[in-house]
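Visitor: I am new to this structure. Could you show me how to read it, one feature at a time?

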Amino acid sequence: MSIRINDTAPDFEAETTQGHISSHSWLGESWGVLFSHPKDFTPICTTELGYMAKLKPEFDKRNVKIIGLSVDPVDRHQSWAMDIEETQGHAPNYPMIGDPTLAISKLYDMLPATVGDTAEGRTAADNQTVRNVYVIGPDKKVKLLISYPMTTGRNFDEILRVIDSLQLTAKHRVATPVNWRQGEDVVIAGSVSNDEAAKIYPNGWKAPKPYIRIVPQPHA
């Protein structure tokens, strides 16, 4: 199956470094970030896992749960965590999914159904398409998905920025412009008529073009 924005994130059960989970139940009413890795003990993923551990308090502030996945068994994740802490200064403080049968990687269309049912003997290059980020809302819908090549480390500060936008625009009928950051001006959503906008924004808006209606970020 192919996964697109606004699809329901496939539910699954898995063993993790923090015990057995059912993904939708684990997420509960929170937002979630699932980020995947092609193999344990790989250099770029090592840096990513450490940085996510460092950033976890920022995700916690936003009611976002983090969960990683790598196509190796959980016991290897535990050993890898020691290397991550030694080299990055932070060990993973969130669950890491073991996917040794490749079931979840195939469920999320990161690997084709024809790859078989074991991670044993497979290299990181064999699994190179297992480098995705999914942001999932409390409604269990996929809000963002990004695929990265193995040679490019992911920018998790950008994922935080996107989550700020997603949470804001889920609550208010606005959209965020290029490079927007928390506290900056936003744009009234195109689905809001001028009559509606006048009631929501009685002080008006800036409009360099009729279809670009700029207002301060709402905070209520």
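Visitor: Is R62 buried or exposed?

Guide: Check the relative accessibility against the cut-off: under 20% is buried. This is a predicted model, so the values are computed from it. R62 has 18% relative accessibility, so R62 counts as buried.

Visitor: Which residue does R62 meet in a salt bridge?

Guide: Start with the general idea. Side chains of opposite charge can pair when their charged atoms come close. Here the partner of R62 is D164, at 2.7 Å from N to O. D164 lies in helix α5, while R62 sits in the loop between α2 and β4. The pair therefore ties together parts that are 102 residues apart in sequence.

Visitor: Is D164 buried or exposed?

Guide: D164 counts as buried, because its relative accessibility is 11%.

Visitor: How many salt bridges does a search of the whole structure find?

Guide: The search finds 12. One of them joins D72 and K39, whose closest N and O atoms are 3.4 Å apart. This pair links distant parts of the chain, 33 residues apart. D72 is in the loop between β4 and α3, and K39 is in the loop between β3 and α2. Both D72 and K39 are buried.

Visitor: What does D185 form with K206?

Guide: D185 and K206 form a salt bridge, with their closest N and O atoms 3.5 Å apart. D185 lies in the loop between β8 and β9, and K206 in strand β10, so this pair ties together parts 21 residues apart in sequence. At 33% relative accessibility, D185 counts as partly exposed.

Visitor: Which residues do salt bridges that share partners join into one network?

Guide: The network holds E58, K61, R62 and D164.

Visitor: Now a helix. How many residues does α2 have, and how far does it reach?

Guide: To read a helix, compare its span with the expected one. Helix α2 covers residues 43–61, which is 19 residues. From first C-alpha to last, α2 reaches 29 Å, close to the 27 Å expected at 1.5 Å a residue.

Visitor: Where does α2 bend?

Guide: Look at L55: α2 bends there by about 50°. A proline, P57, follows within four residues. Just after α2, N63 takes a positive phi of about 60°.

Visitor: Which residues of α2 are buried, and what do they pack against?

Guide: The buried set is C45, T46, E48, L49, G50, M52, A53, L55 and F59. Note that L55, the site of the bend, is in this set. The buried residues of α2 pack against strands β3, β4 and β5, and against helices α3 and α5.

Visitor: Next, a strand. How many residues of β6 are buried?

Guide: Count along residues 132–136: 5 of the 5 are buried, so β6 is largely enclosed by the rest of the structure. Then sort the residues by direction. N132, Y134 and I136 point one way from β6, and V133 and V135 point the other way.

Visitor: In which sense do β3 and β6 pair, parallel or antiparallel?

Guide: They pair in the antiparallel sense, over 4 bridges. Across this pairing, L34 stands opposite Y134 in β6. Strand β7, residues 142–147, also pairs with β6 in the antiparallel sense, over 5 bridges. There V135 stands opposite L144 in β7.

Visitor: What lies between β6 and β7 in their hairpin?

Guide: There are 5 residues between the strands. In this hairpin, K140 takes a positive phi near 70°.

Conventions. Residues are numbered from 1 along each chain as its sequence is written. This is a predicted model: local features need pLDDT of at least 70, side-chain atom pairs count only at pLDDT 80 or more; totals for chains, interfaces and linings use all residues. Side-chain values use heavy atoms; hydrogens and water are left out. Helices (H or I, at least four residues) and strands (E, at least two) are DSSP runs, numbered from the N terminus. The expected span of a helix is 1.5 Å times one less than its number of residues. The bend at a residue is the angle between axes fitted to the seven residues ending there and the seven starting there. Buried means under 20% relative accessible area, exposed over 50%, partly exposed in between (1.4 Å probe, protein chains only). Contact means heavy atoms within 4.5 Å. Two strands pair if DSSP finds at least two bridges between them. A salt bridge is a side-chain nitrogen of Lys or Arg within 4 Å of a carboxyl oxygen of Asp or Glu.
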